Amino acid sequence: MKILNAKQIREADAFTIKNEPIASLALMERASTAFTREFVRLFPKKDRTVHIICGQGNNGGDGLAVARLLFAQAYRIRLSQIISENSTDDFNKNLERLPKEIPLEKIRFATELKVSPEEITIDALLGSGLNRPLEGRYLEIAEEINENATDTIAIDVPTGFCCDAPTESVAVKATYTISFQFPKLGFLLPENSKFTGKWLVAEIGLHPEFIEKEKTPYTLTEAKDIRKVLRPREHFAYKGDYGHATLIAGAFGKAGAAVLSAKACLRTGAGLLTVRCPEKCVDTLQFSVPEAMCDLDSEKEFLSSLPDLSKKSAIAVGPGIGTALDTQNMIGELLRISPAPLILDADALNIIAMRDWIDKIPEGSILTPHLGEFRRLVGESRDGFQRLEKLRELSAWTKSVIVLKGAFSAIATPDGRVRFNGTGNPGMATAGSGDTLTGIITGLRSQNYSAEESAVLGVYLHGLAADIATERKQSYESLIASDITEHLGLAFQKAQHLR
Ligand SMILES: NC(=O)C1=CN([C@@H]2O[C@H](COP(=O)(O)OP(=O)(O)OC[C@H]3O[C@@H](n4cnc5c(N)ncnc54)[C@H](OP(=O)(O)O)[C@@H]3O)[C@@H](O)[C@H]2O)[C@@H](O)CC1
Ligand SMILES: Nc1ncnc2c1ncn2[C@@H]1O[C@H](COP(=O)(O)OP(=O)(O)O)[C@@H](O)[C@H]1O
Ligand SMILES: [K+]
């Protein structure tokens with residue numbers, strides 16, 4: 001799914017009106033109908049008054065249409081109209097269509113608006129037409145909503161929220177944002193969830209031809225993208241067909257990281273797996289993952305040297321390795337010889353940052369930093385938008401795929417594209433879930449998926465497995481990293497549409 005900026009969305013709107021063709025009022029009706037459908041799904045009970053706060057632009061026009069549509073479904077409606085000098089034509093037409101039974105308060109000053117916690121508040125004040133920070137009564141109204149509303153549902157975008165740049169002034173803090181056709185780039189950045197709340201996309205049938213030809217570096221991965229890339233297992237398959245992966249992981253006290261990665265790698269379908277680990281990790285590993293072979297480092301407690309890496313299909317390094325000097329030198333050597341595609345995670349990334357070795361990263365590697373590791377690599381970012389630019393630069397610089405992990409993990413490729421991932425949930429913010437991701441990506445890379453495919457598929461399946469685990473038996477609180485691996489089978493089945 002493409003992520004277009006506000007200007008492109010306006011153009012998509014105009015193109016649709018001209019070429020479908022459809023009257024702009026009818027398109028507004030379609031958008032409002034789509035919003036209403038989602039709203040009814042979220043709030044099926046009709047026991048609370050729905051208070052709709054409208055501006056006089058098209059976002060306000062949507063608000064009026066939504067008022068009429070919800071009223072027709074027997075919701076109790078109260079409407080506040082913020083009076084301003086210029087209103088749009090479609091706003092005016094929807095005002096004429098408004099049933100007389102709906103109470104309408106005309107608001108000239110912010111102090112006239114009363115928001116009640118007992119009601120459900122719909123924010124239809126300003127949408128994607130925002131062209132300056134909120135001030136004066138708009139700012140006061142947003143503050144009144146934030147102070148007193150308990151459930152705020154934003155139409156398209158919360159009032160005051162910037163889709164494509166940092167939101168630096170006050171904006172409405174919605175519980176839900178029901179957005180038209182596309183998620184906005186800002187929705188995918190961590191600092192903005194306080195404005196958008198949970199967001200969902202309502203399809204409004206903007207012209208596919210326009211969307212098809214419009215260029216954007218940003219996309220959100222969908223199930224159909226995954227199905228296209230996943231390869232079915234051959235009937236006459238032999239384990240040698242699925243690669244021999246190496247995982248360089250673990251240190252004394254951190255054998256668990258190696259176990260989690262190793263299990264996830266095997267559960268993803270790698271034919272063979274060898275784990276290189278310090279001697280003190282070996283019993284734990286052999287006991288917990290008997291399917292993996294172990295190759296012992298000469299050091300007992302940490303890694304100090306590379307194993308034989310010939311004929312390996314993918315090499316992952318980082319989970320639980322620590323940053324001992326010998327381990328650092330081992331990483332330096334690995335970057336130098338890199339006999340197979342590398343997956344660099346955790347302390348391998350910290351070592352690269354400490355030693356200033358970004359230039360040594362072999363082309364075609366996959367890096368999987370979380371926010372902290374990313375900061376160590378490229379420094380502090382002012383906000384999520386600047387961080388995205390740094391992500392794209394790092395990918396181009398290293399000619400590698402970079403997975404910036406978090407909610408909506410962002411996967412950058414050297415050509416400048418960024419693919420966001422929408423699977424996963426807050427239960428994954430738990431020890432070791434990054435280690436399982438490394439294992440999954442390694443398993444895929446080992447089976448000869450490209451670096452980009454491995455990252456995109458891996459992140460998607462990782463999140464999907466966690467989602468299935470939480471749907472079936474865990475809560476966000478109780479989910480632990482092993483649950484993700486345990487549900488990989490169901491994730492594969494779901495992704496392949498076998499279930
Ligand atoms: N995407 C689609 O295809 C579809 C989109 N639709 C809907 O249209 C919405 C966009 O509507 P829109 O363009 O009329 O703008 P909207 O957000 O209502 O603002 C109105 C005016 O407010 C002003 N203004 C700006 N900033 C301000 C500020 N800080 N404080 C005060 N005023 C400020 C500015 O006017 P100005 O003052 O600059 O003259 C602006 O023009 C979109 O979000 C969606 O709900 C659907 O109906 C159909 C399909
Ligand atoms: N709120 C969230 N929503 C979706 N995914 C999340 C969320 N929090 C964390 N994750 C995922 O969980 C994993 C956490 O990885 P990481 O921070 O490296 O954990 P660890 O170091 O404990 O293994 C990442 O893949 C990340 O994308
Ligand atoms: K809005």
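**View 1. Shell of ligand 2 in the predicted model, with helix 15 (433–446) giving the largest share, four residues.** The model is predicted: local features need pLDDT of at least 70 and side-chain atom pairs count only at pLDDT 80 or more, while totals for chains, interfaces and linings use all residues. Residues are numbered from 1 along each chain as its sequence is written, and chains are lettered from A and ligands numbered from 1 in the order in which they are written. Helices (H or I, at least four residues) and strands (E, at least two) are DSSP runs numbered from the N terminus. Around ligand 2 there are 18 residues, of which His370, Ala407, Gly424, Met428 and Gly434 come nearest; a residue is near a molecule or strand if its C-beta atom, placed from the backbone, lies within 6 Å of it. Helix 15 and helix 16 are the elements that give two or more residues to this shell. The shell holds six nonpolar, 10 polar and two charged residues. Here Ala, Val, Leu, Ile, Met, Phe, Trp, Tyr, Cys and Pro count as nonpolar, Asp, Glu, Lys and Arg as charged, and the others, Gly among them, as polar.

**View 2. Packing of helix 9 (residues 255–267) against helix 15.** Two packed helices are described by the angle between their axes and the distance between the axes. The axes of helix 9 and helix 15 come within 7 Å and cross at roughly 35°. Axes are lines fitted to C-alpha atoms, for helices over the stretch in contact, and angles run from 0 to 180 degrees between N-to-C directions. The crossing is right-handed; that is, the near helix is turned clockwise from the far one by less than a right angle, anticlockwise being left-handed. Helix 9 makes the contact through Ala257, Leu260, Ser261, Ala262, Lys263, Ala264, Cys265 and Leu266, and helix 15 through Asp435, Thr436, Thr438, Gly439, Ile440, Thr442 and Gly443. Residues are in contact if their C-beta atoms, placed from the backbone, lie within 7 Å. By class, the contact has seven nonpolar, six polar and two charged residues.

View 3. Two strands pair if DSSP finds at least two bridges between them. Strand 8 pairs with strand 17 (residues 418–420) in the parallel sense over three bridges, and Tyr218 has Val418 of strand 17 as its bridge partner.

**View 4. Shell of ligand 1, a site surrounded by 27 residues.** The closest are Gly57, Asn58, Asn59, Gly127 and Gly129. Helix 1, helix 2 and helix 3 (58–72) each supply at least two residues, and helix 3 gives the most, with five. The shell divides into 12 nonpolar, 11 polar and four charged residues.

**View 5. Cis peptide bond between Glu20 and Pro21.** Omega of this bond is about -15°. Pro21 is placed in the loop between helix 1 (6–19) and helix 2 (24–42).

**View 6. Positive phi at Asp156 and at Asn448, neither of them a glycine.** Phi of Asp156 is near 70°, and that of Asn448 is about 75°. Asp156 is in the loop between strand 5 (151–155) and strand 6 (176–180), whereas Asn448 lies in the loop between helix 15 and helix 16. Asp156 counts as buried because it has 27 C-beta neighbours inside 10 Å. Asn448 is partly exposed, with 15 other C-beta atoms within 10 Å. A residue is buried if 20 or more other C-beta atoms, placed from the backbone, lie within 10 Å of its own, exposed if 12 or fewer, and partly exposed in between.

View 7. Asn350 counts as buried, with 21 C-beta neighbours inside 10 Å. Apart from residues up to four places away in sequence, Asn350 touches Thr323, Glu373 and Arg376. Asn350 and Thr323 are 27 residues apart in sequence, and their C-alpha atoms are 7.8 Å apart.

**View 8. Parallel pairing of strand 1 (residues 50–54) with strand 2.** Five bridges join the two strands. Ile52 stands opposite Leu79 in strand 2. Strand 2 (residues 77–82) is mostly covered, with five of its six residues buried.

Key: Contact = placed C-beta atoms within 7 Å.
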